[in-house]
Amino acid sequence: MQPERPISPSSLSVKDLRWQILWDKETCTLCGKCTAVCPVNAIELGVFRKRLIEPPVGFLEPPGNITKSYYGVRQKTDPAYACVGCAMCNMVCPNNAIAPMRADEVDKLRFHLDRGGQPRRRGGRRNVPGVLLDRLKFIRISMLTDPALDAGRHEFELRTLLGRVLPPEENLQHIREHGWIPPVREIYPLVIGGMSFGALSPNMWEGLQMGVAYLNEELGMPVRMSTGEGGCPPRLLRSRFLKYVILQIASGYFGWDEILHAIPEMKEDPCAIEIKYGQGAKPGDGGLLMWYKVNRLIAAIRGVPAGVSLPSPPTHQTQYSIEESVAKMIQSMSMAWGFRVPVYPKISGTSTALAVLNNLTRNPYAAGLAIDGEDGGTGAAYNVSMNHMGHPIASNIRDAYLTLVKLGMQNQLPLFAGGGVGKTGNLAANAAALIMLGASGIQTGKYIMQAAAGCLGSESDRCNICNIGLCPKGITAQDPRLYRRLNVDDVAQRVVDVFLSFDTELKKIVAPLGRSTSLPIGMSDALGVDDYRTAERLSIKYVV
Amino acid sequence: MDDPKQSGSKAVHVISGKRGDERVRSRILEEEVQEAVAQGHRRLQIEAYGQHGIGGRLWRAGREAVSIRITGHPGQRVGSMGFPHTAIEVLGPVSDDVGWLNAGAEIVVHGNAGNGAANAMSQGRILVGGNIGARGMTMTKHNPRFSAPELWVLGSAGDYFGEFMAGGIAVICGHEAQTPENVLGHRPLVGMVGGQVFFRGPHGGFSQADARLAPIGEADWDWLLAHLKIFLKKIGRSELWRVFAEREHWQLLVARKPNEKAGRATRSIAAFHREVWDADLGPGGLIGDLTRIDRSAIPLIVTGSLRRFVPVWENQKYAAPCEASCPTGIPVQRRWQLIREGRVDEAVDLALAYTPFPAAVCGYLCPNLCMQSCTRGTAAMAPVDTTRIGQASIRAKLPELPPLSGRRTAVIGGGPAGLSVAWQLRLCGHEAVVYELAGRLGGKFTRVIPESRIPREVIEIELGRVKEVVPHVYLQQPLAREDVSRLREDFDFVVIATGAQKPRMLPIPGIERAVAALDFLEAAKAGTAACGKRVVVIGAGNVGCDAATEARRFGAEDILLLDVQQPASFGRERQAAEAAGARFRWPVVTREITAAGLTLADGEDIAADTIIVSIGDVPDLSFLPEGVAAERGFVKVDADHRTSDPKVFAIGDVVRPGLLTEAIGAGRRVAQSICDESDGRTPAPFRRQMIEKRRVTLEYFDPRITVFSDVHQCGSQCLSCGACRDCGVCVAICPPGAIRRNELGGKNYEYAVNENLCIGCGFCAGACPCGVWNLEENYPLE
């Protein structure tokens, strides 16, 4: 900006910005790659003026005054073009001459990201470093008390059940009387949580699905993936791979018209139906796919016209109470597949989770309950929703499990936990901790984005532009110019790598507990934490 | 399988594991065995009652052979830590871990062995005349200092056979196997890293990751055959040798080497994609039915249609701020460009296409909005001086006039507005007839504006030029309403440009003692003005300033300008008044004019000899024909200066008081409307959109240049906003060399991008001094 121009309250200097571009004139070759790749046009070629004043020794001549101009990379200070810190400039720079640096103090930019009265929204990162789950330790190393196993060489059947498991006597009675037995799926305990086709790019989504199919068919790992709310491509609906898919239905009901039309042609039943009531990282905030992401492809899959914004309301409009929601939705979805497919609700972590759970225990068709804690998150939402709303998963899942124990139903209604699992990289440890707190299985989304596709986000508000269609890695972009940066095969390969390494790590955790065929669900005597109040709250061991 | 050296006592020393009815503790039995060996016994028979570890650790015999026959029921770990030269023969079955950590003993078992047979063995051999339990031959090693350990099993192995096996040889004969369908048990050889397993009979799979089947070589086979004979002899089953000697019944498993383990024997993702995924879903995979768009991977830096942004050479798409802010619409920037190109005459002549008064207005009388809006001003740099080229325009040459079309327009008023429209109409080939009330053309130019502001000859020359273009002028033509109505009938269009002739006067007592500024200036211009020493000007606008300046010329010594608000005067008029010593006072309200001067509302008296009132002029609209509406004393017009009568236009001060350039611009605009309408053209927009100033680069220019020596320096320092200056910076900066300059014939050229080279970095837009290059989003792909 020209210093002589008038300023406005939102006239910021580079120093005021959250991310500051460090550019080195010496090493820069002016190759143009950084400005070409910058997703938000935060940098441009700048022309700079430089004066050289050379006072002559002895004043024998008049002082020299030379003005020259030169070129360099300049950062824009307009909040609309503020650097997001993705560091793609650094990735393409042949000489490491440019990189964004986080401001050394609280940035001023944050006070100016509400142009036109529109509060800041961002792409699904909570930006809270650290997570309680990382602090939970597995303290039961039962080398001699239980037959300890070797994670590397013993055989493990790390499977969990998704579906309503009847008590044995009831089950026998049903068999005797040819009654209905609820469908139960034996699946891998780590489920890829719901990220829609639309929120994710076609290449990302296909890569995930193909990786899941590979894990199932080539490696025998029954991994499942939720579609998120955005429908499911017609070909997938009509393929055998559908059995690896959990179809999600949410308040916008996008894509369900296409799904229903596919039912008569389905070769396989889907793994399950997930009814989404809430997303942990942005509870109470609906989904919104902006019109510029709704291209012909997305529109076809969702069954809507192209180029319109697609809001999912925060609530299902025809449901007015827990009783009604649960009964009506679960029944409807069960009926669609002749009660052959498990149907369960997914709610955001909340202090009212037990009310939902209690209700489900009385509903014979409820196949489980998924609770999504506040942490992690992949969906775009308002800052305020992400920063200030939500319930941590640990105590929520623990309370739910202990409630089931009280009712004697802990083996009947599986709980699935999600929300920040693996957000610092400790996927298996976080997952195992939640399992020992009472979860039958784990849902993870963000870790997958990060590990399977190289998402640049971090817990320091880096990148975080999933919501505006400019994902520099092509994970959440719908523009082929961006999403073609992502190779479908590479994503699939990374999904496979992630699950294989997760599997080994999970074995490393459960083997010393002597578990090889049943997960240590609710095995809380194996959990310890170095904080007394946390230990009390979670009914686990206090260890120091 | 050499027999150990036989020496020492040949007598068999019997030790019972029972003393009377009491079983001897393992510790006691061990002490007794060790003691016997120490005493020289080399043939021991032990009646076992479940004691642990019988037969191991007999190093006290040194290199002498020791043989141990075990009857009864030995406990776990028979022969554990067995030493070379120890030979143990168990006459029945053994419990778990026989030969555990065996360091050289030979152990013959005439029956089955329990779990963990040979676990951790690294030397010696164990010969089992039956089956073994789970985890046999696990964690065995081969110490290269000694020969490899061996485990021989007549029957089958239990589950998890050979786990972690790191060396040694196991031979599973599969005879009368406990599990005949699978002689190696469940999940054998997990973690095997060394050694060999010969087996005979079916197996149920083994750890493919760790072991592999290997052909049995000649040496191996010879060894096996020879040692089988010994094994069978030792377990007393020599009759089986012929049965076992069928080479095709045997298989050999060996450990995979580390480099063989690296690759999992699974399908590659690419193959899965092709052979499974696409094969099932169809070509194009998941969404091949919905889109044909190529989704193959692309690099981060791309060219052609894959670029997210593309550069566009927007030469002269936008107007420079000078042009955009000029009410007349003179392309000032274009004139400087012509000068840069050495075409000074063209630059000078160009103005006449826009105004008949380029010298008088641009050079002297205009507040030069072009300079006020000059992009250089955004960096507090001196604007390019338009007055220089304005003044030079005195020698501008007329363009050749087109032949007359026959269309005629009557222009009422021969001031700047009227002459502008008449001039423009004639340049378009239409005839204009001017009716002027006064005795000469020029309006305010000739009658009011003080000569201190502009040399008389400038106006004379420019009016002379006008007369060449607009020959049909009727002077001293007071027109009444019916005259104007008649003109409306006789001509195709009528343009009213009569200006504001009636001075506004204050409604206060004694106003008749005051003189109107317009009258005073007219008299001054004519040289007939008179004023006293003390002059008060009521109304301190620019006209008031002119009056003050002229009053000075006519002898005033003390000049005071009053205003009810902060004076609106600015620019040269204000500077001239201040130079004449005029003082400004505000806010003051005049209550009365008296013989002595005037009295303010607060009662203050100000002495004055001459009082000039300069609070604006209003038009005389008495001649307006029916159908031409007025509003608040001015003619009402629309945005195109058309009055409520579509054949009648009105421009200049008769519409609203304004600058000369505004009046001239309005004339030009009306002429354009009339020409468009006459020629049946769709009216073109009067001016181009102004370029965003931020696109223009100031850093190429020296901010220390504050005055310009001549038009050439002006030209060089003009930023050429929005118009290519042909500097070639874009060609130089373009990283992949994608920009080229193409000659288009004559003086025309263009800069063009080779899209197969361009990476869309926008460097051209960043470097362009003129803001011509723009980076636009590429067209949507899907």
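Author: Gladly! A residue is called buried if 20 or more other C-beta atoms lie within 10 Å of its own C-beta atom. By that count, buried residues make up 48% of the 782 residues in chain B. Please keep in mind that this is a predicted model.

Reader: What share of the 544 residues in chain A is buried?

Author: In chain A, buried residues come to 52% of the 544.

Reader: What makes chain B more spread out than a compact globule?

Author: Chain B has 22 helices and 34 strands. Its radius of gyration is 58 Å, whereas the globule rule gives 28 Å for 782 residues; the value is well over the rule, so chain B is more spread out than a compact globule. Along the principal axes, the C-alpha atoms of chain B fill a box of roughly 165 × 65 × 50 Å.

Reader: And why is chain A called as compact as a globular protein of its length?

Author: Chain A has 17 helices and 21 strands. The globule rule gives 24 Å for 544 residues, and the radius of gyration of chain A is 26 Å, which is close to that, so chain A counts as compact for its length. The box filled by its C-alpha atoms is roughly 115 × 60 × 45 Å, again along the principal axes.

Reader: How do you know how far apart in sequence the contacting residues of each chain are?

Author: Two residues are in contact if their C-beta atoms lie within 7 Å. Among the contacts in chain A with a separation of 6 or more, 76% are between residues 24 or more positions apart. In chain B, 63% of the contacts between residues at least 6 apart join residues at least 24 apart.

Reader: Which residues and elements form the contact between the chains?

Author: The contact takes 51 residues from chain A and 48 residues from chain B. On the side of chain A, the elements that each supply at least two residues include α1 (33–37), β2 (43–54), β3 (64–75) and α16 (488–510). The largest share of that side, eight residues, comes from α5(A). By class, the side of chain A that touches chain B has 21 nonpolar, twelve polar and 18 charged residues.

Reader: What are the domains of chain A, and how many residues join them?

Author: The domain assignment gives domain 1 (14–104) and domain 2 (132–512 + 525–542) of chain A. Their centres are 45 Å apart, taken over C-alpha atoms. Nine residues of domain 1 of chain A are in contact with nine residues of domain 2 of chain A. The side of domain 1 that touches domain 2 has six nonpolar, one polar and two charged residues.

Reader: What makes strand β11 of chain A mostly covered?

Author: Five of the five residues of β11(A), residues 245–249, are buried. In a regular strand the side chains alternate between the two faces of the sheet. For β11(A), Val245(A), Leu247(A) and Ile249(A) are buried on one side, and Ile246(A) and Gln248(A) are buried on the other.

Reader: Which strands pair with β11(A), and in which sense, parallel or antiparallel?

Author: Strand β10 (residues 225–226) of chain A runs parallel to β11(A) and is joined to it by two bridges. Ser226(A) has Ile246(A) as its bridge partner. Strand β12 (residues 272–276) of chain A also pairs with β11(A) in the parallel sense, over four bridges. There, Ile249(A) stands opposite Ile275(A). Two bridges are enough to call strands paired.

Reader: Why are β20 and β23 of chain B called edge strands?

Author: They belong to an open sheet of five strands with parallel pairing, in the order β20-β27-β21-β22-β23 (chain B). Each of β20 and β23 (583–585) of chain B pairs on one side only. Within the sheet, five bridges join β21 (residues 534–538) to β22 (residues 558–562) of chain B. One of the bridge pairs is Ile538(B) with Leu562(B).

Reader: How do you know that the buried residues of α16(B) are on the same side?

Author: The buried residues of helix α16 (residues 517–526) of chain B are Ala517(B), Leu518(B), Phe520(B), Leu521(B) and Ala524(B). They cover an arc of only 165° around the axis, so they lie on the same side of α16(B). Their cover includes α17 (542–553) and β27 (610–613) of chain B. Just after α16(B), Gly527(B) takes a positive phi of about 85°.

Notes:
Residues are numbered from 1 along each chain as its sequence is written. Chains are lettered from A and ligands numbered from 1 in the order in which they are written. This is a predicted model: local features need pLDDT of at least 70, side-chain atom pairs count only at pLDDT 80 or more; totals for chains, interfaces and linings use all residues. A residue is buried if 20 or more other C-beta atoms lie within 10 Å of its own, exposed if 12 or fewer, and partly exposed in between; C-beta atoms are placed from the backbone. The arc is that of the directions from the helix axis to the C-beta atoms. The radius of gyration is taken over C-alpha atoms; the globule rule is 2.2 Å times the number of residues to the power 0.38. Ala, Val, Leu, Ile, Met, Phe, Trp, Tyr, Cys and Pro count as nonpolar, Asp, Glu, Lys and Arg as charged, and the others, Gly among them, as polar. Domain bounds come from an automatic or database domain assignment.
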